[in-house]
Amino acid sequence: MRSFVFTIVSLLSIAVFAQNGTIKGVVKDEKNNEALPFTNIIINGTQIGATSDFEGNFIITGVPVGFVRLQASSVGYEQYISEEFQVTNANEKFIEIFMKEKSTILSTVTITNKIFARNIESPVAMQSIGVSEIEKNPGGNRDISKVVQSFPGVGQTPVQRNDLIVRGGGSNENRFFLDGIEFPNLNHFATQGASGGPASIVNADFLREVDFYTGSFQVNHGNAMSSVLNMSLISPNKDKSEKRVVLGASDFGLSFNGPISDKSGLLFSYRRSYLQFLFQALGLPFLPTYDDYMLKYKLNLNDKNQLSIISIGALDKNRLNLERNETEEQRYILSYLPETDQWNYTIGGVYRHFRDNGYDNYILSRNMFRNKSYKYENNQEVDSLKIQDYSSDEIENKFRYEHINFLSSWRLLSGFSAEYVKYSNSTYQKLFLNGTSQVINYQSGLEFYKYGVFSQISGKIWKDRLGVTAGFRFDGNTYSDEMKNPLNQLSPRISLSYGLNERWFLNASVGHYKQLPAYTTLGYTEGGVLVNRFNDLKYIGVTHYIVGIEFLPDATSKFSLEGFYKDYGHYPVSIRDSISLANKGGDFGVVGDEPVLSIGEGRAYGFEVLYRKKILDKMTLLLTFTHVRSEFTGFTDEYIPSAWDARNIINALVSRKLKRNWTIGLKWKYSGGAPYTPYDEYTSSLVQAWNIQGRPYLDYSQYNSQRLTSFHQLDFRVDKEYFFDKWSLNLYMDIQNFYNFKYKGQDTYLPASDVDGNYIIENPSDPLDSQRYTMKSLENVGGSIVPTIGIIVEF
């Protein structure tokens, strides 16, 4: 052991001799992809740099290791600041720079803050998230689903959930893109019909930058009502391959980045979880496992044509650990949790053709999601005890065409989309409804086409003082006559940004957005009839009203204040329980597979305060406060607080780079208590009812009438990086809930057990349909210190 320790210390001690890296890249015109020679490129904040050659290529050596940005300047072009990226001595970084021509109109507003670049197309409700904020986020564990929870407007979720709750909207109102390819499931063990799950399927190794929209959506990003997560991937290295090995909080990963030929390169990653071993050791009664992969192949056919192939997928399995049934809590979980199998993939191609004044994108993709689950009473796999047997496929084949034109200082985006959808569902489900046991047993098959047309123009007027973006999109499909006519699904929008001077800006956005209900709702069948088509199911609609003020105190910081109001209409409401589907999706399983009516309305409103300061590779500071109210109607006109009505949300994050490549970070988060619904104690106690569901029933006459206490947590992270001659090592420790805060959830209501663990029936001589369990309450207190040690090796 002493020899082993001595060897490790000796290896680590030589790291100080290798502290510089190399950056290679190319500079091009963004509108036509032509090389830009004689461009000056420097490391932002330093004098280290180079000049591009006749083909636009450049190389910078002697770059200090760490996170950097490039700054580029060329005659006739606007100054360019790149997204941040990490330099190591082990590998060369390849960076593509696309320059924008200067306007011929003399601007009266000169923006000096380049770190937080302003987006004229989305001047409000958009945050760009850099690589360092993803890699070093305390409590985030390099999971983009958790990282975005640090930003304004995003609700906090339990540690085992990654539901994306944005500005009081439902968890099913978000869309996800990877280099322009839409993929439906962001998380492992996804909630079908929503966005939840415990861990993201996106590997942070290849992320270049993430644009997170909570409003002012672009017209080519359809079918979203609360957020769009647009993730950009790095370009593959051209000359030298790079490998990475990551041992993280819950999985082990391998990744490759390198050239395939002179004109092509490949990114590929694979991850395998080891949660089942951790859960087994902790004595938990379920054993989840997952695998995922991510791929990008880029081929530069010539100067005017590029092809990228993108793919991402996951395989998820959850099995019950029946041996862990010693406690009432374990037996309770085993009584309701099903065993599940899920897999999904997305694969697509983006072909880009450059013209003299713009380019065209041809985007073709296919995605598939398969979800299976089953449950037996007392977990005895006998047909007579079957409670649930569910199997469903969702398949989308998509094509989208985008035509981008640059007309002087204006940018015009127009195009269309077409999709072929295939959905199938085989459901056997026992339910306890209206005082009796019922069986839902159906097979559903659904095929239809979706189509859309969109256009948008962006530019500046009044000597570049006022930025304007205006656009629209039409959507339709062949599911029903109501939805066929795209005029019924018009989505206009406009955003404005007025520069008072180089530091102060007034911003506003108004937009109406449409979203198709989940396929589980579209395909629900009774007696061979698509019930919800017969019920005249409609697109859900929401109108966003957003105003804000933005202040840039200096070149490294930003302050903003935004107010928002979201007005919903035609939200599906469950016929079974009279609850809007906007409230559902916060648990594992399936959402929307039930009869509904498109009669629900909703409103979510509030304001956000943001302060960001970022001195790259030195310090990051993020302070946010969100006040939000979220209310929806059911069968009546009464607005009831939704499941996401947290009222007040606070985030405070600071990360600091220290000497000798140490980094420490702290994140404190607070969320007001969420509403909850009391239990229907009588129904829950019925033997027939409990045996079917395995958990208590809610009293919907008192829906969300109670509220939990507030929640807060401190996360801590420390990183130590070592840079050797041909490889680098990053060791980190992440501790969630550092001061061990205990949060109080809704008490667990369950049958009492005898000494042998059998439920006690208080009236065993009564008829079966009248028998009741003796019930009891267990205090539901959660929260514990969750430490993680991670290792990242790059070579």
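With which residue does lysine 24 form a salt bridge? The partner is glutamate 92, and the closest N and O atoms of the pair are 3.5 Å apart; a salt bridge is here a side-chain nitrogen of Lys or Arg within 4 Å of a carboxyl oxygen of Asp or Glu. The model is predicted, so local features need pLDDT of at least 70 and side-chain atom pairs count only at pLDDT 80 or more, whereas totals for chains, interfaces and linings use all residues. Residues are numbered from 1 along each chain as its sequence is written, and side-chain values use heavy atoms, with hydrogens and water left out.

Strands (E, at least two residues) and helices (H or I, at least four) are DSSP runs numbered from the N terminus. Lysine 24 is partly exposed at 22% relative accessibility, and glutamate 92 is partly exposed at 22%; buried denotes under 20% relative accessible area, exposed over 50%, and partly exposed the range in between (1.4 Å probe, protein chains only).

The count of salt bridges comes to 50. Aspartate 475 and arginine 473 form one with an N to O distance of 2.9 Å. Aspartate 475 counts as buried at 12% relative accessibility, as does arginine 473 at 6%. Lysine 744 and aspartate 747 meet at 2.6 Å, N to O; lysine 744 is partly exposed at 31%, and aspartate 747 is partly exposed at 30%. Through shared partners, salt bridges join Arg175, Glu182, Glu396, Lys398, Glu419 and Lys450 into one network.

The largest nonpolar core has 34 residues, and those with the most contacts inside it are Ile144, Phe183, Val202, Leu229 and Met231. Such a core is a set of buried Ala, Val, Leu, Ile, Met, Phe, Trp, Tyr and Cys residues joined through side-chain atoms within 4.5 Å. Elements giving two or more residues to this core include helix 3 (144-147), strand 14 (227-233) and strand 19 (305-320). Beyond its neighbours within four places in sequence, methionine 231 is in contact (heavy atoms within 4.5 Å) with residues including Ile144, Phe176, Asp179, Phe183, Val202 and Glu209. A second, separate core of 29 residues includes Phe448, Met483, Leu530 and Val542.
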